[in-house]
Amino acid sequence: MTTLNIRTITPQDAGVILNFITELAVYEREPDAVLADETHIQKTLFCDAPKAFGLICERQSDDGSENVPIGFAIYFFNYSTWLGKHGLYLEDLYVTPEARGLGAGKSLLKHLAQIALDKDCGRYEWNVLRWNTPAIEFYEACGAKPLSEWVGYRMDREAMEAFANSKD
């Protein structure tokens, strides 16, 4: 049986986090979209007042001598005006291909659900790409439901600048 450990990220994890981000981008067919580097990760996740937080999932090495990172989750807190409560938003969840099926993803999701409960969050949400059938099936098996009535919107940096600086 595989022993899994979920722990809070530390500044020493910046390289591991970047590696997981890069692997996730490749999986999501956006390998050139990663602009972050270890300096960005250090400045944003390990600053005096971080706005996002993270977890690492580790498994014990075969010889039991070390814990090997096999996955991660990055999350932040948002706010529901209707509930009058914060929510936990899962930005990224990733488990290395060779570790899938060991329970790492479910362990990360459960750990985050407990954080949301401990913080009295009214919601626990995330997005998944429509084509990512394995993830959709996994999330639904955990009890998550799709929000089919909502459509996500996004402005990239260029769009934000153009909009913020528009004259009308």
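Predicted model: local features only at pLDDT ≥ 70, side-chain atom pairs only at ≥ 80, totals over all residues.

Me: What makes β3 and β4 a pair of strands?

Reply: Pairing needs at least two bridges between the strands. Strand β3 (residues 67–80) and strand β4 (residues 85–95) have ten bridges, in the antiparallel sense, so they count as paired.

Me: Why are β1 and β5 called edge strands?

Reply: The open sheet runs β1-β2-β3-β4-β5, with mixed pairing. Both β1 (4–8) and β5 (123–126) pair on one side only. On average, neighbouring strands here are turned by 30° against each other, ignoring direction.

Me: Where does helix α1 sit on that sheet?

Reply: Helix α1 (residues 14–27) packs on the sheet and touches β2 (53–60), β3 and β4. Its direction makes about 80° with that of β3.

Me: Why are α1 and α2 called roughly perpendicular?

Reply: Their axes cross at roughly 110° and come within 9 Å. The label covers 65 to 115 degrees, so α1 and α2 are roughly perpendicular to each other. The crossing is right-handed.

Me: Which residues make that contact?

Reply: From α1 you have A14, G15, I17, L18 and I21, and from α2 (residues 38–45) there are E38, I41, Q42 and L45.

Me: How do the residues of the contact divide into nonpolar, polar and charged?

Reply: There are six nonpolar, two polar and one charged.

Methods: Residues numbered from 1 in each chain as written. Heavy atoms only, no water. Helix = DSSP H or I, 4+ residues; strand = E, 2+ residues; numbered from the N terminus. Axes fitted to C-alpha atoms, helices over the stretch in contact; angles between N-to-C directions. Contact = heavy atoms within 4.5 Å. Parallel < 35°, antiparallel > 145°, perpendicular 65-115°, else oblique. Left-handed = near helix turned anticlockwise from the far one by under 90°. Nonpolar A, V, L, I, M, F, W, Y, C, P; charged D, E, K, R; others polar.
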